[in-house]
Amino acid sequence: MPIIIPPCLQPGDTIGITCPAGYMPLEKAQTCIDTLPAWGYNVKVGAMLGSTSDNYFSGTDDQRLAELQQMLDDPEIKTILCGRGGYGITRIIDRLDFTGFLQCPKWIVGFSDITLLHTHILTRCNVATLHAPMAGAFNDDGAAGPGIESLRRALAGEPQSYRAPVHPFNGNGNATGPIVGGNLALLAHSIGSASEPDTRGSILFLEDVGEYLYNIDRMMRQLKRAGKLKDLAGLLIGGFTELKDTTRPFGASVEAIIRDAIGAAPYPVAFDFPISHGKENVALKIGATYRLHVDSEGTILQE
Amino acid sequence: MLTIGAAGPVLAASAPAKAKTGTPLNMPTYLRPGDTIGITCPAGNITAKEILPAVQQIEDWGFRIKVGDTVGKKDSIFGGTDAERAADLQQMINDPGIQAILCARGGYGAVHIIDQLDFSPLASHPKWIIGFSDITVILCHLHTNGNFASIHSKMCNSFPDDWSKAEPAQADSILSIRKALSGERMQYKALPNTRNRYGRAEGPLVGGNLKTIESLAGTRSDIDTAGKILFVEDTGEYLYSIDRMFWHLQRTGKLDRLAGLVVGGFKIKPDDPGEEFERTLYDIVTERVKAYNYPLCFDFPVGHQKENYALKYGISHLLDVREAEVTLTDSSVPAATTIPGA
């Protein structure tokens, strides 16, 4: 069954902003709220953004679920932009009803903890979603950067083409396939659950933040042992930022850990792809088909 | 605290029980004085000096020790290269002169070698494999692939250098390894806790380190928990991460058909400022199991702590959670079993 690609946005369309996981103060989203109208869109700010919550989450499970559900069901909202990730999707995901969403598919935008929403929607609904920077990334001149620009282009339906530099661990080759992936910890967390993606024939991409090196290694081994690195079309390794190490140093770089876990891959592999919790984080349409080209000049990924 | 029933050690294993999954329980023979315990490093590295207190103590118990080639080896954080660690453990699995294999320590690395190991010699000659933390990989794998019983316990790195200075909980925990290996009927007590859920349940005891269990999902080492008593412990995790792992247990079908749930020690990493989770471990677990009605106990003496008693993994136990007391009893050894002259 071919993937359902939500329609691109038209001037005057409305983007809803919600926080389905961690808490975010309203002012952290202000640049985003100011920028989206300049792109020609209306903004509807949900109550979960800048909520009165005094704990980790933006609201109770019921509150976060209700707002995300309302935005999924509201035909006037053409895109749902998550304010931030954090933690919390797994607590509400099995209670989401995608009936209305399937009748009127729309872009769901986010990354990090939102990875679980992406893999769930891909697996359960066969609808493409947008792995991209969120509201907070518009701050500190981010709105003028390539990540937010790629989000603007993706929403407007302009074709995407990304480049990455040569990396000594790259495996050269060409591949075509649907893109799937996201945050490594959340992908590992999805395994065995209703949100687990089938990666066969896909171009898988991975990124993570704040993990111990040994834990990156453990999660890569889990992906491998669960068959998630087998029969891929290609593999993109994004940024692994703010890494931690144990008192006894792991003794290998994150790139070497990943290379060793992959082994002799029969598909192209590209490191240093600009997807991360750092400054480089371009938009990818999960479920949409891309062409990957890796050679001695570098990496090109095109929609 | 650990109490041993009226029983003394028995000479041999009780008759193998049928596992719920259909594969009969592969029960190693309990150890007798003169039997040999091999020490190996399937995960983190350890020096020959660091295992000396364990060697001394185990020899005092009347067992022989065979020190594996990986003790003293180091390859980054590992006790030798993957090939060296796999070869050392494999050699001990194959060696009919070794009756039990004690992992020197956890750390990280068992998952690197688990798929290279051939456990089939254990089918005709089962032997005890002993460890916890990262060794949860091996215990889960043995349970799922062949229904081999094993022992979840402290390892060489937890034996006291000086017994006269060891705290009673640590000493009792170490001594419980001998009791479990010798076939004593194990009975454990946990302190009452108002967050416990009362009831009685019987089933094979499985579980281990929660993060490690999560990392086995989707792999051939993953455990089926239906009809079983699941125990979990962890160390160094944030509350949000513990919450996510309990959600993972639930979303992968590991909580809904349990016989009982035993929550051991959790050393919790303090929340980062501004990221206060504002739920306790008790809240997290209670929320996840409120739809079920099996017995649940907290603060069971298993985990990365001084009180970490040897548990017979994969073997049937009776969990009895009452307001006044909590007991977990090894139901594979008859209460009245005694050994002549013991």
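How many bridges join strand β2 of chain B to strand β4 of chain B, and in which direction do the two strands run? Before we look, keep in mind that this is a predicted model.

**First stop: the β2–β4 pair.** Select residues 36-40 of chain B for β2, then residues 100-103 of chain B for β4. The two strands run parallel, and 4 bridges join them. For one example of the pairing, click on I39(B): its bridge partner in β4(B) is L102(B).

**Second stop: the whole sheet.** Now widen the selection to the open sheet of 6 strands in chain B, whose order is β3-β2-β4-β5-β6-β12. The pairing across this sheet is mixed. From one strand to the next, the twist averages 25°. Color β3 (64-67) and β12 (311-313) of chain B and you have the edges; each has a single partner strand, so one side of each is left without a neighbour in the sheet.

Select residues 168-181 of chain B. Show the buried residues of α6(B), among them S173(B), I174(B), I177(B) and L181(B). Following the helix is G183(B), with a positive phi near 90°.

**Last stop: where chain B touches chain A.** Here 25 residues from chain A meet 21 residues from chain B. On the chain B side, α3 (110-113) and α8 (239-251) each supply at least two residues. The largest share, 5 residues, belongs to α8(B). Color this side of chain B by class and you will find 7 nonpolar, 7 polar and 7 charged residues.

Technical notes
Residues numbered from 1 in each chain as written. Chains lettered and ligands numbered in written order. Predicted model: local features only at pLDDT ≥ 70, side-chain atom pairs only at ≥ 80, totals over all residues. Contact = placed C-beta atoms within 7 Å. Nonpolar A, V, L, I, M, F, W, Y, C, P; charged D, E, K, R; others polar. Pairing = 2+ DSSP bridges. Axes fitted to C-alpha atoms, helices over the stretch in contact; angles between N-to-C directions. Expected span 1.5 Å × (residues − 1). Buried ≥ 20, exposed ≤ 12 C-beta atoms within 10 Å, placed from the backbone.
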